[in-house]
Amino acid sequence: MHLTEGLIRTYLDNEMAAPQKDQVRSHLASCPQCQKLAEQVAGQARQSSARLSMIDDPHLQSLRPNTAHARLQARIAEKEKTTMRQKILSARYRPAWVALGLVLVLAVALAFPSVQAIANSFLGLFRVQQFTVVQVNPGNLPEQLGSSTQLEQMFTDNVVVEEYGKPQDVANRDEASQLAGIPVRLPTRWDRQPVLKVMPGGEITFNVDLQLTRALLEEIGRSDIQLPDDLDGAAVQVSVASGVTAMYGDCEFDPGQARQEGYDPDDPRLPRLPDCTTFMQMPSPTITAPPGLDLPKIGEAYLQLMGMSPEEAASFAQTVDWSTTLVIPIPRYGTTYREVPVDGVNGTLIIQESQDRADQYLLVWVKDGILYSVTGPGDGTSALRLANSLE
Amino acid sequence: MRLTADKIKPESAQDSSSWLEVAFNEHWSRVFAVLFRLVGDEAEAEDLALEAFWRLYNHHPNLDNPHSLGGWLYRVAVNLGFNALRARRRRQQYESEAMLGDLQDKPQWDPAEQVEKAQEILKVRQALLRLKPRSAQLLVLRYSGLSYSELAEALGIAPGSVGTLLVRAEREFEEAYTAL
């Protein structure tokens, strides 16, 4: 039995425990073939070491730890100021796909207050009554917004976010109903017990700064998009009431396991939760804004930003009732959607196809002023079963 | 769902600054050195190292196990370093210009020898960028002094396979380097 390169390398690097080390040493002493291999391994290591040492600098002096530590504290203080945006955009903050839905809604509503925010001209109030899906080519918009300094400034200067508390675990439906202030519905035909959490509501207020918004558009190379002047200074308030999340299956994200599977902490994609179904219900968020704004015009700008051509955006914007419709942008490729009857109303089932993991679905509908969503792996069949057995 | 963060991230500012300080004192110099190897510029390496520690503070990975904390940190650092290198490559050979600029700042050195050295350094980094990411990370971290168990933790591989992967990574590196 001869030694492998890996064993030899481990031995040469002195990374082997004593008993095995002795075995390898005595084998090497008596085996010319392995000696030869050991010389090759050592030779290659020397060669690489010599080359890689080129990128060392023997005169390198790291900052004194005290100085570096002070700079770290300063950076933390600086970044904490801007975590508001991260809080809202952070996928880890709420259960996986629900987060994605909320993030889309909030990110869009916040980055472009113009959007649905600008409610109907009489009440100045937006309340979700229906969904419309629009297929778009957002391109690298998410990355651009993520690294935009203008957006960051907008959040720091103009946006106030208030969260009413932290997510709370609750033991049963009654407790959830009481805490959230809505009659919580749960599926009867579902073989597992849910983990119930009450998510706190919150309020986001800001004034539209048209100059800043235009600077942002310019920064991301979309200064071609026109915004109506009357938008400037509009006071917008987004209210989100408490909601309840029921999680079925294995929904806890385990960092240890994820690392084993090659999870990349820099990868902004959501963690893999192959066996997690999340059911969420919350009263429709409301958005108040000054009356009299040109909603279709603003909707048009939003659709263009999402990658629609100006003509396409203009004609689509006219078909939407922007005061009651939540427009969900989905990528044109890799995502499909369809209208489905669910829970006695019409819902929308969106499926995100994936090459390297299971497809994920998002089923959304509104009934009696409550917004419902189910997310999980698969084609959504089980979601419909869940939704149709609610009581 | 806040992952396991509530469990492990101390709530008070004082607590959080103390665990961070422990991690900082233990890993700062080496994280900085890893990044310097990759980007070759002290200010940029410092900036990236601070970014890695900021992410540690912000993402608070599993702090129950100090080994996994170090591993997480080195992995983030080496990713940041390679991302910076790739971004630089996209900025069209910034490196060679920067190095030539450097040479002009230090006229007392032998220019011919320095140009040659700068070219070799450029070649090493280019070769690293051509490797499979894990191989490149493995080499940089190993030559920054990480032990087998630290490498295993940082890259999520079995400690027993580090030797084999190192031999393989060096072979890949030699091929990439000589092909340049």
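A crossing of two helices is left-handed if the near helix is turned anticlockwise from the far one by less than a right angle, and right-handed if clockwise. Hold on to that.

The model here is predicted: local features need pLDDT of at least 70, side-chain atom pairs count only at pLDDT 80 or more, and totals for chains, interfaces and linings use all residues. Residues are numbered from 1 along each chain as its sequence is written, and side-chain values use heavy atoms, without hydrogens and water.

Now the helices, which are DSSP runs of H or I, at least four residues, numbered from the N terminus. α12(A) passes α13(A) in a right-handed crossing. Pro296(A), Gly299(A), Glu300(A), Leu303(A) and Gln304(A) of α12(A) make the contact (heavy atoms within 4.5 Å). Among their partners on α13(A) are Ala313(A), Ala314(A) and Ala317(A). By type, the residues of this contact divide into 7 nonpolar, 3 polar and 1 charged. Nonpolar covers Ala, Val, Leu, Ile, Met, Phe, Trp, Tyr, Cys and Pro; charged covers Asp, Glu, Lys and Arg; the others, Gly among them, are polar.

Look at Glu300(A). It sits in helix α12, residues 295-305 of chain A. Is Glu300(A) buried or exposed? Buried, with a relative accessible area of 12%. The cut-off for buried is under 20%, with a 1.4 Å probe and protein chains only. Leaving aside residues up to four places away in sequence, Glu300(A) touches Ala313(A), Ala314(A) and Ala317(A).

Last, the strands. Strand β13 (residues 345-352) and strand β14 (residues 360-367) of chain A run antiparallel, joined by 5 bridges. Gln352(A) has Gln360(A) of β14(A) as its bridge partner.

Key:
Chains are lettered from A and ligands numbered from 1 in the order in which they are written. Helices (H or I, at least four residues) and strands (E, at least two) are DSSP runs, numbered from the N terminus. Buried means under 20% relative accessible area, exposed over 50%, partly exposed in between (1.4 Å probe, protein chains only). Two strands pair if DSSP finds at least two bridges between them.
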